[in-house]
Amino acid sequence: MTSIHAPGPSQPSFEDLGRHLRVTTFCVVDLETTGAGPDSEITEIGAVKVCGGEPLGEFQTLVRPSVPIPAMIQVLTGITDAMVATAPSPAEVIPEFVQFADGCVLVAHNAPFDVGFLKRACGQLGIRWPNPVVVDTVTLARRVLPKGEVINCKLGTLAAHFRATTRPDHRALSDAHATVEVLHALLERTGRLGIDTVEDLRELLLHVPPERRAKRVWAKQLPEAPGIYWFEREGRDANGSPHTEVLYVGKSRNLRKRVASYFSAAEQRTRIHEMVRVATGVRGIECATDLEAQVRELRMIAARSPRYNQRSRNQHRLWWLKLTSGSFPRLVATRTPSPGDLFWGPFPGLAAARESARAFRDAFGVLERRHHRSSRGSWVIPEPEGYETGVERLRNAWLGDVRELLASASPRLAELVAQEHFEEAGELTDRLLAAHQTSRRFHRVHSLAGCPELVAAAPEHGEWAVHVIRFGKLAGAARARTAQVPETAEATRELSETVKEAPGGLPAGSFEEAERIADWLESPGVRFLDTVGDWAWPAHCALDQERVTELITTGVVGRSR
């Protein structure tokens with residue numbers, strides 16, 4: 001497969017570079033409330049906006065709650081019912097605060113308390129919570145300060161320890177000013193630990209292990225572009241020779257950002273934590289399009305069998321049903337259908353193949369030949385009368401008309417429902433629905449596998465993705481601006497991989513690759529630039545859900561939809 005990129009201007013995104021703490025705007029907020037319970041309300045909001053150690057603005061207002069302020073809270077804060085009687089309501093205050101804090105990193109001392117009240121107030125007013133990065137100075141102090149340096153992490157204790165000029169007094173604005181000074185003192189400590197960006201700070205707060213955080217520099221070598229990446233481990237094989245093991249393969253529309261996420265607190269999968277721990281490096285390949293990245297990922301997983309990948313490792317270990325030759329053809333499950341066989345599928349395992357065989361046995365009377373002679377009924381000689389007709393009906397279903405198969409169960413289904421055997425009726429319905437889905441998958445890919453060449457383009461990330469597909473395999477990929485599409489398509493076509501048609505109507509690549517290609521071809525906005533051969537499905541190989549339900553429940557085949 002070839003890949004071409006028509007060059008255009010690009011620059012690293014601000015997000016990928018990381019927001020340095022010196023240029024980050026913080027909104028430090030403090031609330032006073034009627035209490036701590038779920039029915040408590042805000043009585044005062046105070047906030048200070050700072051950047052680079054300099055104040056940018058303040059926000060302060062009392063808030064009129066809908067309930068009286070408890071006497072104990074009035075004594076603690078000095079805010080009385082009389083003071084808030086004429087104050088603005090939450091409906092007036094909250095939108096103004098959200099606008100004031102827009103684009104800032106939100107800071108609070110014991111942030112879950114303050115942020116919880118703000119989120120709840122937004123929800124009650126139908127205001128979308130902006131979901132900012134939140135820094136809790138309590139957690140930050142516990143991460144940064146050595147054990148025993150302070151007796152506790154209360155705001156008053158920390159303010160006194162760092163000699164803050166503002167003393168906390170349970171009023172929102174003064175407590176916010178005190179929190180600003182505590183924040184700056186703590187950030188000075190984090191600078192000594194190499195914490196320079198908001199992303200670094202967030203990982204420190206969420207307690208990402210230093211060893212994992214240190215590997216984040218691996219992501220900086222990767223481009224901000226679609227592609228595949230793989231984690232690897234350098235070691236030695238049984239003979240002592242140098243050996244590189246591919247541990248995990250993935251794809252992304254933004255390689256740098258995706259790989260960086262493996263070293264952050266957002267990554268919670270235990271097996272991935274283990275993978276990152278044993279990895280000695282990460283590498284990547286930039287791809288011209290998202291589809292090329294998907295396909296390269298599939299191919300590399302198939303070739304290297306990475307132990308930490310769970311999906312797509314068995315792309316070539318599918319099961320099929322085939323019809324044997326002879327006087328009394330049987331259904332047999334196989335992993336390797338021959339080019340001359342009439343076969344159908346695929347199935348993820350032998351059990352699924354046999355469930356489908358049961359559906360055909362019930363519908364058309366065609367028996368299954370099991371692999372073991374001990375299986376009861378495996379070698380029963382069928383009655384000649386009617387068996388040949390059943391085989392022909394099965395052939396017709398496999399060749400692209402599933403209507404009779406779906407309709408065949410209607411009498412049995414009605415009988416089971418009448419007898420209130422609902423579980424058995426459900427199992428029968430599930431077998432037919434699975435067979436219908438298999439028919440759709442088979443003919444969708446079979447039609448693509450028989451097409452010598454498709455050249456198509458679709459809008460993608462402000463440009464056009466151009467693909468050359470041959471016999472169901474991606475042979476070339478490129479991206480280009482609108483004016484360059486015809487020229488780029490022709491160049492990609494000339495440089496694309498030569499692909500030979502696979503025997504038996506299977507795609508030249510893996511079945512899963514062909515399905516990814518079909519997904520792309522059927523997506524909105526795709527335009528066909530050139531076609532060699534036909535790409536068409538049988539009319540009745542797959543039906544809409546309403547028609548499927550109607551066939552299974554009524555058995556009426558005559559109509560077409």
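**Words and what backs them**

Reply: Let's start with a sheet: 5 strands form an open one, in the order β4-β3-β2-β5-β6, and the pairing is mixed. This is a predicted model, where local features need pLDDT of at least 70 and side-chain atom pairs count only at pLDDT 80 or more, while totals for chains, interfaces and linings use all residues. Residues are numbered from 1 along each chain as its sequence is written, and side-chain values use heavy atoms, with hydrogens and water left out.

Me: What makes β4 and β6 stand at the edges?

Reply: β4 (54-62) and β6 (134-136) have a single partner strand each, so one side of each has no neighbour in the sheet. From one strand to the next, the twist averages 20°.

Me: How do you know that β2 and β3 pair?

Reply: Strands pair if DSSP finds at least two bridges between them. Strand β2 (residues 25-33) and strand β3 (residues 42-51) are joined by 9 bridges, so they count as a pair, and they run antiparallel. One of the bridge partners is I42 in β3, which goes with T33. The strands themselves are DSSP runs of E, at least two residues long, while helices are runs of H or I with at least four; both are numbered from the N terminus.

Me: Why is T438 called buried?

Reply: Buried means under 20% relative accessible area, exposed over 50%, and partly exposed in between (1.4 Å probe, protein chains only). T438 has 9%, so it counts as buried. T438 is found in helix α18.

Me: What does T438 touch?

Reply: Setting aside residues up to four places away in sequence, T438 touches W344, G345, P346 and F347. Contact here means heavy atoms within 4.5 Å.

Me: What makes a group of residues a nonpolar core?

Reply: It's a set of buried Ala, Val, Leu, Ile, Met, Phe, Trp, Tyr and Cys residues joined through side-chain atoms within 4.5 Å. The largest one here has 41 residues, and F360 and W398 have the most contacts inside it. Helix α18 (residues 422-449) gives the most to this core, 6 residues. Another core lies apart from it, with 32 residues, including L145 and V180. In soluble globular proteins, nonpolar side chains tend to be buried together.

Me: Which residues is W398 in contact with?

Reply: Leaving aside neighbours within four places in sequence, W398 contacts several residues, among them L321, F360, F442 and H443.

Key
Axes fitted to C-alpha atoms, helices over the stretch in contact; angles between N-to-C directions.
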